[in-house]
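Biologist: Can you take me through this model? I'd like the overall layout before the details.

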Number of protein chains: 2
Amino acid sequence: MSETSVEAAAREEEIEAAKGHGLSPDFIETFAEALDRDDVGVVRLLSQPLHYSELADLIEALDFEQRGKLIDLIRDNFDPVVLTELDDTVREQVIEHLGMRHVAEAVADMESDDALFVLGEMEPHEQDEVLAALPADERSLIREGLAYPERSAGRLMQREVVAIPEQWTVGESIDFLRGSSDLPLDFYDVILVDPRHHPVATVHLSRLLAAGRPVPLNTLAAKDMKTIPVEMDREEVAFLFRQRDLISAPVVDEDGRLVGAITIDDIVDVIDEEHEEDIMRLAGVGEGDNLFTAVLDTIRARFFWLLTYVVCAFAAATVIRMFQGSINEMVALAILMPIVAAMGGTASVQTLTVAVRAIAMKELTSANALRNIGKELGVAFINGVVFAILVGAVVGLWFADWALGGVIGLAIVLNLVVAGLYGSTMPVLLLRIGVDPAVASSAFATAITDIFGFFVFLGLATLILL
Amino acid sequence: MSETSVEAAAREEEIEAAKGHGLSPDFIETFAEALDRDDVGVVRLLSQPLHYSELADLIEALDFEQRGKLIDLIRDNFDPVVLTELDDTVREQVIEHLGMRHVAEAVADMESDDALFVLGEMEPHEQDEVLAALPADERSLIREGLAYPERSAGRLMQREVVAIPEQWTVGESIDFLRGSSDLPLDFYDVILVDPRHHPVATVHLSRLLAAGRPVPLNTLAAKDMKTIPVEMDREEVAFLFRQRDLISAPVVDEDGRLVGAITIDDIVDVIDEEHEEDIMRLAGVGEGDNLFTAVLDTIRARFFWLLTYVVCAFAAATVIRMFQGSINEMVALAILMPIVAAMGGTASVQTLTVAVRAIAMKELTSANALRNIGKELGVAFINGVVFAILVGAVVGLWFADWALGGVIGLAIVLNLVVAGLYGSTMPVLLLRIGVDPAVASSAFATAITDIFGFFVFLGLATLILL
């Protein structure tokens, strides 16, 4: 596969331009075309200089068949870290395509936290297959890791840490580090431990470097060390990192002994995942429903949620049916009732989202829930009155019926107050009973304000107008 | 204010228990009560051991009056970094309460990135007041920083960096660091620069520490350095940090000269803010609408969005009015039309959210937009057919009218396809024209499927049934 140096230079430039802004659509297209026409030279030329995370992005951007072709071509130089950067669905495909022998080799080359992550996402029989192919010491380390609960600190941590006796000096520590052969790839602080291997303080490397050799390490200790219990939920760990602006933190077992360390790069992934859960649940979409999910899985996941909400919709229809006599007498009611429902829906989704977000950021707790509910009810009432006047006037003019305008205005005030109440109360209640507040999804919020909106508008109209 | 040691111990325990999980509601309540009864001793005792971020959380959890009292009590020992951890609205209150002289002193004590952040959030006249009170060199540094666009790398970076000539050895570097008096508080790598002060590589401190004194630094350089142009959008910067698992990166001016460094802790804040923007815009809530926004500002922000959507609701009402004759003939149409609308709304919010999230994670680009639209249309069609049969059968039984069941089924298929089309296409179109895809909010999505749903259901019913 020869190509002119002009072409090569153009490609190089393209790769450069794409860096730092993600891969450009043009790059991906060129690459996919090369794969389709089995142009091995171009495929190798283009994929070779990519960063592992870019290669992961590229694999995700290809379609199923192209992915297979690419893996076949680069199998022998495949950087195992790519696996940690792939979406779940895509990773499964790639692992299947790589073959278990290759995957086991890849896992053996990884740092302990990456290896644990990749294995943790596999099916049990795949895990066994990979574990069997690992050296005994790595196998037992990973088995230990897999024994921790799925969302715990134990699953996030790396086992390789730099632990130093608390009474050492800067000079002794530097000599030790220079003499060590199995240091972690990168680390940001050393952990001072007592004779029982309990962490007593951490020292940032920048402090260590700037101090003279005779300085005792414990005089350089960071002000407040946070140790992370190995069972701590990863969401709590993320909160701690965010709140304390931590870069890394020691992890301890139930006896307080140092067992590993968590670093900020793993936490960034946790933050992204927690956010994804919130936004997806609010929308009434299952987790893991994304671009890479197979069509059939997507259909199945969405079906479940649609089914839940269609039941709510039938409840709303039943409410309207109670008032079919009124609609028969006055068809304007059927024309206007969606306005009441739509305003309630919008307002409840607004309130709900603010509350769910505040809970995720630990700004909303049971300590200030009442104050927030009060505020939301105030906001709902005042906006309700303003829109009651606005919509009431438009309806009064449109249908030349001011009583109808009054009724829709009253219904809007009441429905907005219900919307504010649902949106500010439901997430807090769910939190109390230990359910993710985001499942009070916008679809449920809309269903509630639909049902109540129809009921109060048609009910008031029947009472007052007919 | 004397208190028994038992009480003190109990409090200490409470503080300990609260650490790492955020402040407990009990702690906040105890604290607020102490403030309300002006119990200075307890307030000082409880607030003194808090981490600055916990103090910030505590200030946020208090009400307006309590905040003022607390600031008055702790003004003289107020840790300025607290300001960087506060929500915008609360920070403004605290700054006002502290008084400009105190704020200027606080800013002077901060690292350059924190100082820039706090000043950047102030009104211009407040900025001038604080700047005037700063020493001349800090003033000019901050003025320079404020000249960068608000969401650029220049606003995120700290100016203090450790730059080392590229030809130095480990020993020379360590001697230099030990002799320096104005190092950054914490740093994670040293930046190798050429004689023109262009960064050529970075060396992680862990590599520096583990190498012998005669080793030349450039042999320890990290594999691929990413330099960040000072004007780069912070969202791009965050993407880069995430993709490359960076901890810190050098920032360069347009001539490629080193001007500062960005560290991951600032990026975590950016990631949180970007998340917040997505989730808020999807819900049709303005940014900065949160627990701490004053009631009046919240009313104003929500009003604007409600007004937009009420216009859409009137459009839907107009569509229904076109078919009022049909509803008069067959009231079942009014009863059932919200079902068609609700299903379309749910489906479009699902599709939209998946697309907005994928765009934020740079998984969805114009390269694979068509494939995603195809997938979503397939999912919509198949779920549409399934629900058409389901809902059609229920309606056929309920109203003993199988033709009506057939019409609602057909309307559902068509509305779900429109929902899939809007949800998968609109975010990509918005991205193309440079608008945040999340403004294709769930409220707009719902409005579209309301309008189309009413139209197609009532239209088909009129054509087929009447």
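Modeller: Let's go from the two chains down to single residues; bear in mind that this is a predicted model.

Biologist: How are the two chains related, then? By what turn can chain B be laid on chain A?

Modeller: By a turn of 180°, with a shift of 0.0 Å along the axis. The RMSD is 0.1 Å. The two copies are thus related as by a two-fold rotation axis.

Biologist: And through which surface do the copies meet?

Modeller: The same one on each, because 100% of the interface residues of chain B are also interface residues in chain A.

Biologist: Next, domains. How is chain A divided?

Modeller: Into domain 1 (5-153), domain 2 (163-263) and domain 3 (295-464). The C-alpha centres of domain 2 and domain 3 of chain A are 52 Å apart.

Biologist: Do strand 1 and strand 2 of chain B run parallel or antiparallel?

Modeller: Parallel, joined by three bridges. Strand 2 of chain B covers residues 189-193. One bridge there pairs Ala163(B) with Ile191(B).

Biologist: Over to chain A. In what sense do strand 2 and strand 3 pair there?

Modeller: Antiparallel, over five bridges. Val193(A) has Pro199(A) as its bridge partner in strand 3. The hairpin of these two strands has five residues between the strands. His197(A) takes a positive phi in that hairpin, near 65°.

Biologist: How many residues of strand 3 of chain A are buried?

Modeller: Five of the six, so strand 3 of chain A is largely enclosed by the rest of the structure.

Biologist: What about helix 13 of chain A? Which of its residues are buried?

Modeller: Val170(A), Ser173(A) and Leu177(A) are buried in that helix, which spans residues 170-179. Seen down the helix axis, the buried residues fall within an arc of 65°, so they line one face of helix 13 of chain A.

Biologist: What covers those buried residues?

Modeller: The cover includes strand 1 (163-165), strand 2 (189-193) and helix 14 (205-210) of chain A. Helix 14 (205-210) of chain B is part of that cover too.

Biologist: Now the sheet with order 4-5-6 in chain A. Which are its edge strands?

Modeller: That is an open sheet of three strands with mixed pairing. Strand 4 (228-229) and strand 6 (258-263) of chain A are the edges, each pairing on one side only. Helix 16 (residues 264-282) of chain A packs on the sheet and touches strand 5 and strand 6 of chain A. The direction of helix 16 makes about 65° with that of strand 6.

Biologist: How many bridges join strand 5 to strand 6 of chain A?

Modeller: Five, and the two strands run antiparallel. Val252(A) and Leu258(A) are bridge partners. Their hairpin has five residues between the strands, and Gly256(A) takes a positive phi near 80° there.

Biologist: Strand 6 of chain A is an edge strand. Why is it described as largely enclosed?

Modeller: Because six of its six residues are buried. The edge label refers to strand pairing: strand 6 of chain A pairs on one side only.

Conventions: Residues are numbered from 1 along each chain as its sequence is written. Chains are lettered from A and ligands numbered from 1 in the order in which they are written. This is a predicted model: local features need pLDDT of at least 70, side-chain atom pairs count only at pLDDT 80 or more; totals for chains, interfaces and linings use all residues. Copies are superposed by least squares on the C-alpha atoms of residues with pLDDT of at least 70 in both. Two residues are in contact if their C-beta atoms, placed from the backbone, lie within 7 Å. Domain bounds come from an automatic or database domain assignment. Two strands pair if DSSP finds at least two bridges between them. Helices (H or I, at least four residues) and strands (E, at least two) are DSSP runs, numbered from the N terminus. Axes are lines fitted to C-alpha atoms, for helices over the stretch in contact, and angles run from 0 to 180 degrees between N-to-C directions. A residue is buried if 20 or more other C-beta atoms lie within 10 Å of its own, exposed if 12 or fewer, and partly exposed in between; C-beta atoms are placed from the backbone. The arc is that of the directions from the helix axis to the C-beta atoms.
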